[in-house]
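Colleague: Could you walk me through this one? I'd like to start with how the chains meet and then turn to the fold.

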Amino acid sequence: MEANPRSTGRLPAAFLTPGSSSFTDFLAAHQPDLLPGNRQLPAQGVVEAPHGTTIVAATFPGGVVLAGDRRATMGNVIAQRDIEKVFPADEYSAVGIAGTAGLAVEMVKLFQLELEHFEKVEGAQLSLEGKANRLSTMIRSNLGMAMQGLAVVPLFAGWDVDRGKGRIFSYDVTGGRSEEYGYAATGSGSLFARGALKKLYREDLTAEQAATLVVQALYDAADDDSATGGPDLARRIYPIVTVISDEGYRRLTDADLAETVRAIHERRLQEPDGPRASLL
Amino acid sequence: MSTPFYVSPQQAMADRAEYARKGIARGRSVVVLQYNDGVIFVAENPSRALHKVSEIYDRIAFAAVGKYNEFETLRIGGVRYADLRGYTYDREDVTARGLANVYAQTLGTIFSSAGEKPYEVELIVAEVGAGPEDDQIYRLPHDGSIVDEHGSVAVGGNADQISSYLGQRHRDGMSLAEALKLAVESLARDTNGGERTLTAEQLEVAVLDRTRPQQRKFKRLLGSQLTRLLDGGEAPASGEESAGES
């Protein structure tokens with residue numbers, strides 16, 4: 001057992017050493033083999049693994065929405081129809097991940113724990129910037145994997161309690177972090193999603209309108225990118241849409257989404273390309 | 001060459017126990033009570049920043065009396081233990097029993113090792129279950145023993161008197177307000193049998209509430225919510241509670 005390296009059964013010194021409030025730092029000191037970044041990589045070779053695809057986010061005056069489609073692909077095969085790629089990071093933030101699904105889920109698990117651990121040890125939450133920076137470090141530690149085609153590229157969104165607004169951070173594979181204003185997208189369908197967001201986004205959206213906006217963007221991404229899945233009306237598999245506001249993280253229920261998705265679908269039966277923006 | 005004084009093992013242990021007990025008795029008490037929706041922790045603690053009651057994991061909380069730096073070290077060790085265990089296995093595999101065992105081993109080893117000063121702390125580890133019969137409360141005295149407690153328990157200075165007061169009045173199925181009232185009454189009695197008045201500012205109150213929708217059941221009762229509970233005695237409306245936390 002990890003807490004029992006010697007026969008005494010007492011907590012090892014690493015557990016009782018004061019100092020770091022970071023769970024990853026503790027792991028690095030005590031059990032470095034559990035850290036995703038510390039794995040030995042084979043010198044060469046390519047692994048086929050399921051990849052998750054498109055994540056979109058948009059801010060509105062009272063918060064931010066973060067949404068993802070439900071498809072995971074492995075080469076030309078749809079590996080999973082109902083994968084979840086958007087997770088709560090803590091009470092006031094969420095993370096959506098495009099890239100290698102297995103590694104992404106592990107990274108999110110560690111990230112959630114990192115935030116919870118800090119909160120319990122310190123008795124206070126990290127700032128939103130602090131959370132975004134921790135995620136940066138984690139992506140950077142995955143660079144070796146990324147160079148073998150197992151990249152993880154998240155989108156991080158949260159309610160900034162100090163500034164009183166929703167904010168979005170995007171990342172590249174090297175852990176480079178940039179704040180996005182208004183809207184952002186990542187993953188294979190992100191080019192198409194971003195085009196849709198660009199034409200439809202307005203600054204005065206309500207939470208409901210912002211949710212409709214991100215579903216529209218995912219619809220457009222699925223229209224042109226084979227790796228992104230659109231809403232599956234037959235199986236009732238809808239995108240995951242989360243809203244983060246001063247009341248915290250909330251995931252929209254399937255019942256809420258069914259209405260939005262159905263309305264969008266009905267409109268698209270008349271206009272398959274979706275809402276049209278004016279020319280001038 | 002001079003011969004060192006012979007001290008019998010009994011005497012050595014009794015001295016160490018005496019030393020630890022004196023340190024613990026200097027501090028104010030913490031009481032832990034079961035109520036119908038969970039477990040409540042009440043401590044007399046004027047500080048808002050230095051806690052005696054803390055969250056360890058989803059369903060597990062920690063309360064301590066004695067020397068702050070020593071129980072703070074143990075608390076952080078417990079958080080690390082729980083988080084590591086939950087990360088390697090699953091969140092459900094983190095239990096109060098496991099944590100109490102590790103604490104007991106740690107305290108016991110330190111207590112009986114001649115090279116180390118015994119910890120002047122007494123801990124409580126509690127876990128809230130699906131129903132009141134599944135709740136677990138463990139008391140861990142300074143020497144590494146474990147006591148499985150039911151209903152109510154007190155640690156710290158004057159703990160014996162408070163325990164017997166609680167033991168006579170605590171019953172199963174109390175509401176949150178009733179349990180809080182009883183806890184505050186027990187803490188307000190001083191050693192001479194006199195009564196003091198404890199206000200919300202002097203109290204640190206937290207609950208492990210099994211009815212909370214969140215995975216993490218630990219919640220501090222603060223400010224107006226605590227005052228309302230202390231004064232009116234009625235439980236806060238569930239709507240207000242969720243608005244404060246969400």
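Colleague: What area is buried between chain B and chain A?
Modeller: Bearing in mind that this is a predicted model, the area buried between chain B and chain A is about 2700 Å², and carbon and sulfur atoms give 55% of that. On the chain B side, B:Arg80, B:Leu84 and B:Tyr87 supply 32% of the area buried against chain A, more than any other three residues.

Colleague: And how many residues does each chain bring to the contact?
Modeller: Chain B contributes 29 residues and chain A contributes 31 residues.

Colleague: How many salt bridges are there across the interface?
Modeller: The rule finds 4 salt bridges between chain B and chain A, and one pairs the side chains of A:Glu119 and B:Arg216 at 3.3 Å, N to O. There are also 14 residue pairs in polar contact between the two chains, counting pairs with both residues at pLDDT 80 or more.

Colleague: Which element gives the largest share of the side of chain B that touches chain A?
Modeller: That is H2(B), with 13 residues, while helix H2 (68–88) and helix H3 (96–112) of chain B each supply at least two residues of that side.

Colleague: Changing topic, what is the strand order in the open sheet of chain B?
Modeller: The order of its 5 strands is E8-E1-E2-E9-E10, with antiparallel pairing, and the edge strands are E8 (152–155) and E10 (218–221) of chain B.

Colleague: Which residue stands opposite B:Val30?
Modeller: B:Val155 in E8(B) does; strand E1 (residues 30–35) of chain B and E8(B) pair in the antiparallel sense over 4 bridges. Helix H4 (residues 159–169) of chain B packs on the sheet, touching E1 and E8 of chain B, with its direction at about 165 degrees to that of E8(B).

Technical notes:
Residues numbered from 1 in each chain as written. Chains lettered and ligands numbered in written order. Predicted model: local features only at pLDDT ≥ 70, side-chain atom pairs only at ≥ 80, totals over all residues. Heavy atoms only, no water. Contact = heavy atoms within 4.5 Å. Buried area = accessible area lost by both parts, 1.4 Å probe. Polar contact = N/O pair within 3.5 Å; in protein donor to acceptor, adjacent residues only side chain to side chain. Pairing = 2+ DSSP bridges. Axes fitted to C-alpha atoms, helices over the stretch in contact; angles between N-to-C directions.
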